[in-house]
Amino acid sequence: NRSSPSAKPFAINLSSERVRLALNIIQGMRSGQNLAALLGYQLERGLHDRHDVEIDNFILDLRLAFPFQANQMQSTHIDESSSDELKSIEQIEARNVINGLQLIEHIERTGNRKYPFGKDLPPLESEAQGEAINAEVERIIELNDAVADLAMAEGVHEVGQGNYDRAAAALDSY
């Protein structure tokens, strides 16, 4: 629960934009990708697409600070000693991406919402770089919250319909 008395910890925001963004993430999860990797993709894409300030050079440092451990998901696990199992790249989980979920959990645990997030990261060249990085991180925090809101709404909907097993399965998958 939030510390502010005016906060609404049980509020669910299902605006059309948040639902659309959350559905894109959920589609990636249905394709076998990990939520941590999908959030990392979104963060890296946002950092790369910023044209108001150059922040591409921070992506590698963020990858090293919040690494995604590849070959951990059971559905995409590949025995690296056997090259026969290597198929298309779409079937293999991300190996070189920021672990977006680990970054979000670190921020929630430590309260460091601003770059360098309590980590030993390179210094900023300008205040605009820090603002841009912080804005992109806030965007994936909101995206993660949108996925959680949609999962909760789906669970409540299924329970309301009397589909307790379906509600449990949906929430377990998220």
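At what angle do the axes of helix α2 (residues 35–49) and helix α4 (residues 100–110) cross? I shall begin with the basis of the analysis and then answer.

This is a predicted model, in which local features need pLDDT of at least 70, side-chain atom pairs count only at pLDDT 80 or more, and totals for chains, interfaces and linings use all residues. Residues are numbered from 1 along each chain as its sequence is written, and side-chain values use heavy atoms, with hydrogens and water left out.

The protein has six helices and zero strands. Helices here are DSSP runs of H or I with at least four residues, strands are runs of E with at least two, and numbering starts from the N terminus.

Now to the answer. The axes of α2 and α4 come within 6 Å and cross at roughly 90°. The two helices are therefore roughly perpendicular, a term that covers angles of 65 to 115 degrees. The axes are lines fitted to C-alpha atoms over the stretch in contact, and angles run from 0 to 180 degrees between N-to-C directions. Contact means heavy atoms within 4.5 Å.

The structure holds nine of them. In one, the side chains of R63 and E44 meet at 2.7 Å, N to O. This pair joins distant parts of the chain, since R63 lies in helix α3 (residues 59–65) and E44 in α2, 19 residues apart. E44 is buried, at 11% relative accessible area; buried means under 20%, exposed over 50%, and partly exposed in between, with a 1.4 Å probe and protein chains only.

A second salt bridge joins D49 and R45, with the closest N and O atoms 3.0 Å apart. These residues are four apart in α2, so about one helical turn separates them. D49 is partly exposed at 38%, and R45 is likewise partly exposed at 45%.

Elsewhere, R18, E142, D145 and D149 are linked in a network of salt bridges.

Finally, the overall burial: of the 174 residues, 37% count as buried. Residues 24 or more positions apart account for 68% of the contacts with a separation of 6 or more.

Methods. Parallel < 35°, antiparallel > 145°, perpendicular 65-115°, else oblique. Salt bridge = Lys/Arg side-chain N within 4 Å of Asp/Glu carboxyl O.
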